[in-house]
Amino acid sequence: MTQKVAVLGTGKIGEALLSGMIRAGWNPADLLVTTRRRERADELHARHGVTPVTNTEAAKTADTLILTVKPQDMGTLLDELAPHLPADRLVISGAAGIPTAYFEERLAAATPVVRVMTNTPALVDEAMSVISAGTHATAAHLAHAEEIFGAVGKTLRVPESQQDACTALSGSGPAYFFYLVEAMTDAGILLGLPRDKAHELIVQSAIGAATMLRDSGEHPVKLRENVTSPAGTTISAIRELESHGVRAALIAALEAARDRSRELASGTTG
């Protein structure tokens, strides 16, 4: 792999991506990073052997630029990059809510842009990264993005019109599971278990259930029914979840996350 890849605004997810790429065979000498603080850049160099550069240097020398700054900082970054970025360089955006058109309007004509929404399980190589092509991105550009993000988990191509929904479902998704585990842990304590034992029971149950969902090929309804015996404990719990509107609350929560993603986009494109 001889292409140079630059990660701009390298935080936790950016570092996880770099680490995964190196384990997948990328040469650290071909990986560039930019950071707000010099101490952070030195830390990344010492830990991974990557090369700290300025944003301008990244624009001039990298073949692929992965932009991981916060959405509200993206306009300033693009203003800095635009005068130095050739039109044949691939730009990958990891910013929630910002459409590829926003980048295409601010960069050289015909610049290929790919939009990626990943999530925090990238830190343990179990990310779900959703990839969409901008107007000028080719199948080769998408494959290159998949190669990069495949180093830290699974990838899925979707039309860009579905990105806001994917952000709500997958980008924010880990937080919903953490919230559920938190609530179940509290319930375990209420039922008389020590916190550490309640936590271990729930986490292993979650891992087992997720593995079954991934590997069995069964519909979640079928897997749930396999646990739910007539007049048993599970159906009593399910009845309470339904009577408290948990299903409806989840749907409303995901709609709210999708709507917020759209709001973030409107805030940058106006």
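Which residues have the most contacts inside the largest nonpolar core, and how many residues does that core have?

Mentor: Quick caveats before we dig in. This is a predicted model, where local features need pLDDT of at least 70, side-chain atom pairs count only at pLDDT 80 or more, and totals for chains, interfaces and linings use all residues. Numbering runs from 1 along each chain as its sequence is written, and side-chain values use heavy atoms, with hydrogens and water left out.

Now, the core has 26 residues, and Met 21, Ile 66, Ile 92, Val 114 and Ile 148 have the most contacts inside it. By nonpolar core I mean buried Ala, Val, Leu, Ile, Met, Phe, Trp, Tyr and Cys residues joined through side-chain atoms within 4.5 Å; buried is under 20% relative accessible area, with a 1.4 Å probe and protein chains only. Elements giving two or more residues to it include helix 1 (12-23), strand 6 (113-117) and helix 6 (139-149). Those are DSSP runs numbered from the N terminus: helices are H or I with at least four residues, strands E with at least two.

Zoom in on Met 21: leaving aside residues up to four places away in sequence, Met 21 touches Val 5, Trp 26, Leu 31, Ile 148 and Ala 151, a contact being heavy atoms within 4.5 Å. There's also a second, separate core of 22 residues, with Leu 32, Tyr 102, Leu 107 and Val 113 among them.

One more spot: Asn 55 sits in helix 3 (residues 55-61) and counts as buried because its relative accessibility is 17%.

How values were computed: Buried means under 20% relative accessible area, exposed over 50%, partly exposed in between (1.4 Å probe, protein chains only).
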